[in-house]
Structures are given as C-alpha cells and as structure tokens.
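This report is a guided reading for someone meeting the structure for the first time. Please keep the sequence and the 3D view open while reading.

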Amino acid sequence: MVGVLGGRRRRRRQKPAAMVDAALEYAALGWPVCRGAHPDREGPRACTCDRLGCPAPGVHPTSAAWAMEAGTDPDAIRRWWSSAPEANIILPTGRVFDVFDVPAGAGVMAMAQMDRAGLHPGPVAALDAQRYLFFVATRSPVDEEEWWSCRLDCFPETVEDTAGLRWHCRDSYVPAPPSLLPSGRTVDWIRSPFTTEGPVQLPDPIAVLSILVDVCGTPSGS
C-alpha cells in the first residue's frame with residue numbers, strides 16, 4: 001500500500017496531502033486517529049485551541065474526550081475532517097504502537113546503529129528537524145511491570161541517563177504526517193509505514209529502546 005503518504009511520490013508533492021486522505025490511510029492500517037488543533041495562521045494566537053499560551057500549538061487533540069473519540073471508522077473520519085479540513089492528525093499511542101521520541105541528533109545516530117546491526121527501525125517521523133519519533137510495537141499488559149514508568153513520557157529531564165528521551169505509551173499521543181507545525185513545516189516521515197508490499201512491521205520495542213538509551217546517554221545525542 002503506497003498512498004498519499006508513501007514512497008517517492010510523497011516527497012515530490014508540492015503541497016501536503018489532504019488531512020482527511022492521510023487520516024483514512026492511517027485508519028486503513030488499523031491505527032486509530034482523532035482530530036488535532038492546528039497553528040492559527042490568521043488569528044492572534046499560535047494555536048486554534050482556546051487556551052491562552054498553548055504550550056504545544058497544533059500538536060494536541062481538539063477534544064478533551066480524544067481518547068474515546070479516536071477510531072478507525074471511515075465515515076466518522078470523513079465527517080470530522082469535512083467540518084474541519086485543516087485539523088491536524090493525532091495518533092493515540094499505547095494501542096497499536098508506542099512511540100519513542102528523541103532529539104533529532106540522537107535519532108540520526110540511532111538509525112545508523114540500527115542499519116549497521118541489521119535492525120529495521122520501523123516507521124520514523126520527524127518534527128521540525130528537532131525530534132524523531134520511532135514507532136514500535138506496543139507493550140502488553142502482561143509485561144507492563146517490566147517497563148519503565150510512564151513518568152518518562154512527562155518528565156524526561158528527570159531521567160539523567162536518557163536525556164531527552166520521551167516514551168509515548170498508554171494515554172499519550174503524537175502528531176502524524178502531514179500535520180502542520182507552527183514553523184510552517186509539516187510532520188514528515190523519515191521511514192514511512194507504507195510500502196508497495198504493504199504496511200511496515202512494527203519493530204520490537206526493547207531492541208529499539210536499547211539503542212535509543214545508548215545514544216541518548218551520549219553528549220552528541222542529547
């Protein structure tokens with residue numbers, strides 16, 4: 001499956017794919033989606049939400065009930081984006097996949113290490129050339145106690161050995177390509193989840209995490 005977000009054709013497009021088309025492609029993968037706020041390019045605020053001084057303009061859900069709203073129903077998705085065609089796309093984590101969120105420098109180093117080790121990194125997205133998002137298979141409730149606390153998702157600065165590493169799992173979310181950022185750039189795929197052979201397999205989270213921990217613990221990766 002190679003659609004509006006896949007392969008070389010995506011990189012040659014002069015304009016971002018329509019948000020609804022992208023949202024439908026994610027839903028076809030079985031990835032739940034929900035509507036996100038987007039940068040306010042005409043108003044006085046940085047974000048279209050009603051929060052003064054929004055700390056994350058354009059990269060959060062529009063609804064406080066996003067966790068219940070998110071889904072894969074095509075009719076619902078078309079209805080949502082027909083009423084708000086510029087809405088960004090938000091992907092809930094901890095359902096189909098988790099996401100390791102690292103500084104771009106660490107992400108580049110990690111991908112190079114994975115390539116040398118013969119480990120496929122799976123889908124990887126970039127936010128403003130500042131952060132890399134590594135999509136991995138989600139953990140299961142059975143081994144939940146063996147994982148780091150979700151606290152890592154909220155307070156990465158308290159984890160001294162893994163500077164800048166954020167782990168998006170249950171009750172968290174990430175913006176998806178081609179969502180628009182306040183800089184005017186879009187969230188982009190470095191490694192797309194779409195290929196001509198079908199969706200990319202999500203990698204083992206422990207294998208990816210071990211490499212990310214290593215590179216985030218080095219000065220050049222933080």
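Predicted model: local features only at pLDDT ≥ 70, side-chain atom pairs only at ≥ 80, totals over all residues.

## The chain as a whole

The protein chain contains seven helices and 10 strands. Of its 222 residues, 49% count as buried, and the accessible surface of the chain comes to about 11200 Å², with 52% of that area belonging to carbon and sulfur atoms.

Contacts across the sequence can also be described by separation: among those between residues at least 6 apart in sequence, 74% join residues at least 24 apart.

An open sheet is formed by five strands, which follow one another in the order 6-3-5-4-8 with antiparallel pairing. Strand 6 and strand 8 are the edge strands, each of them pairing on one side only. On average, and with direction ignored, neighbouring strands of this sheet are turned by 30° against each other. As background, strands of a sheet pair through backbone hydrogen bonds, either parallel or antiparallel.

Helix 5, which covers residues 104–117, lies across strand 3, strand 4, strand 5 and strand 8, and this helix runs at about 45° to strand 5.

## Strand 3 and its two partners

Strand 3 spans residues 97–103 and is mostly covered, with seven of its seven residues buried. With strand 5, residues 131–137, strand 3 pairs in the antiparallel sense over seven bridges; among the bridge partners in strand 5 are Val136 for Asp98 and Phe135 for Val99.

Strand 3 also pairs with strand 6, residues 166–168, again in the antiparallel sense and over three bridges. Here Phe100 stands opposite Trp167 of strand 6, while Asp101 stands opposite Arg166 of that strand.

Strand 5 is largely enclosed by the rest of the structure, because six of its seven residues are buried. Strand 4, residues 124–127, runs antiparallel to strand 5 and is joined to it by four bridges, and one of the pairings places Leu133 of strand 5 as the bridge partner of Ala125.

The hairpin made by strand 4 and strand 5 has three residues between the strands, and in this hairpin Asp128 takes a positive phi near 60°.

## Backbone features in other loops

Most residues other than glycine have a negative phi, and most peptide bonds are trans. With that in mind, Asp171 can be noted for a positive phi near 70°; it is placed in the loop between strand 6 and strand 7. At 63% relative accessibility, Asp171 therefore counts as exposed.

A further backbone feature is the peptide bond from Pro177 to Pro178, which is cis, with omega near 0°. Pro178 belongs to the loop between strand 7, residues 173–176, and strand 8, residues 188–191.

## Aromatic rings

A pair of aromatic rings is described by the distance of the centres and the angle of the planes. The structure holds nine aromatic pairs. One of them is formed by Trp31 and Phe135, a stacked pair with 5.6 Å from centre to centre and 5° between the planes. This pair links distant parts of the chain, for Trp31 lies in the loop between helix 2 (19–28) and strand 1 (34–36), whereas Phe135 lies in strand 5, 104 residues apart. Both Trp31 and Phe135 are buried.

The rings of Trp80 and Trp81 have their centres 6.3 Å apart and their planes at 55°, so this pair is tilted; both Trp80 and Trp81 are buried. Finally, Trp31 and Phe135 are also members of one aromatic cluster, which they form with Tyr26, Phe97, Trp189 and Phe194.

Methods
Residues numbered from 1 in each chain as written. Heavy atoms only, no water. Buried < 20%, exposed > 50% of the residue type's maximum accessible area, 1.4 Å probe, protein only. Helix = DSSP H or I, 4+ residues; strand = E, 2+ residues; numbered from the N terminus. Pairing = 2+ DSSP bridges. Axes fitted to C-alpha atoms, helices over the stretch in contact; angles between N-to-C directions. Contact = heavy atoms within 4.5 Å. Areas by Shrake-Rupley, 256 points an atom, 1.4 Å probe, with all protein chains shown as cover. Phe/Tyr/Trp six-rings, centres within 6.5 Å; stacked < 30°, edge-to-face > 60°.
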